[in-house]
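Here is a short note for a colleague who has not seen this structure before. Please read the points with the model open.

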Amino acid sequence: MNHNGKILAASAIDGMIHMFDMSASLQITGWPAHDSAVSSVLFGPDETSIFSLGTDGKIFEWSLQNQGQVLWSRDCSRFCRWESIGTSRYEMALDSNGRRLLVTSDSVRSPIYQVQGHMTGFKTIPHSAAITTVDWHRTLPIFLIGLTRFNKQVNGSLQDHPREQLIWVPLMPIVLVMDNKIE
């Protein structure tokens with residue numbers, strides 16, 4: 001939903017993104033976004049674009065002024081293995097400036113992409129379980145990740161019971177090392 005709650009962006013299993021006018025209760029537009037189901041959509045920071053994450057492992061930023069035009073894209077399939085979880089539910093979150101995109105992951109690391117920038121991205125520090133939810137602080141350069149761990153020992157018996165854990169992580173300055181040179 002956009003900032004004032006008037007427009008809803010919805011994803012679909014047919015790869016479409018649909019836009020609805022909430023006051024009129026009508027679909028106002030839609031377009032094919034992915035070759036498979038769309039797992040997550042979110043408005044860009046100035047609401048002139050929409051980001052989509054598909055089960056095809058692709059992330060797209062779509063222009064809302066020129067419908068169907070891709071402004072930015074990345075492949076996150078190495079972090080999001082749809083067949084391994086049996087569901088197509090992954091999430092993404094933009095920082096308050098709209099410059100960094102954080103994506104959930106099957107891995108113990110989660111990708112952080114620099115949107116419209118020169119850097120292709122980096123990863124969070126490793127954690128002890130897959131990252132199941134992500135979000136950014138509204139004003140500070142820190143993000144929230146959620147992990148789901150399974151407890152094997154419950155009341156003396158061995159069972160799989162999920163236990164969620166939320167962690168605030170500061171975004172540290174990144175130093176890129178390429179060919180033994182610091183850039």
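1. Ser25 sits in the loop between β2 (16-21) and β3 (26-32); strands here are DSSP runs of E with at least two residues, helices are runs of H or I with at least four residues, and both are numbered from the N terminus. The phi of Ser25 is near 55°, a positive value in a residue other than glycine. Ser25 has a relative accessible area of 62% and is exposed (exposed means over 50%, buried under 20%, partly exposed in between, with a 1.4 Å probe and protein chains only).

2. On the source: this is a predicted model, in which local features need pLDDT of at least 70 and side-chain atom pairs count only at pLDDT 80 or more, while totals for chains, interfaces and linings use all residues. Residues are numbered from 1 along each chain as its sequence is written, and side-chain values use heavy atoms, with hydrogens and water left out.

3. Glu47 also has a positive phi, of about 60°, although it is not a glycine. Most residues other than glycine have a negative phi. Glu47 lies in the loop between β4 (38-43) and β5, and at 23% relative accessibility it counts as partly exposed.

4. The strands on either side of that loop, β4 and β5, pair in the antiparallel sense over five bridges (two strands pair if DSSP finds at least two bridges between them). Val41 stands opposite Ser52 in β5.

5. Four strands form an open antiparallel sheet in the order β4-β5-β6-β7. β4 and β7 (70-75) are at the edges with a single partner strand each, so one side of each has no neighbour in the sheet.

6. Which residues touch the most other members of the largest nonpolar core? Among its 15 residues they are Phe51, Ile59, Met92, Leu101, Val103 and Tyr113. The elements giving two or more residues to this core are β5 (49-54), β8 (92-94) and β9 (100-103). A nonpolar core is a set of buried Ala, Val, Leu, Ile, Met, Phe, Trp, Tyr and Cys residues joined through side-chain atoms within 4.5 Å.

7. Glu47 returns in the lining of the largest pocket, which also includes Met1, His3, Phe43 and Asp95. On a 1 Å grid over the protein atoms alone, a pocket is an open set of points where a 1.4 Å probe fits, with protein on both sides within 12 Å along at least five of seven lines; lining residues have an atom within 4 Å of a point.
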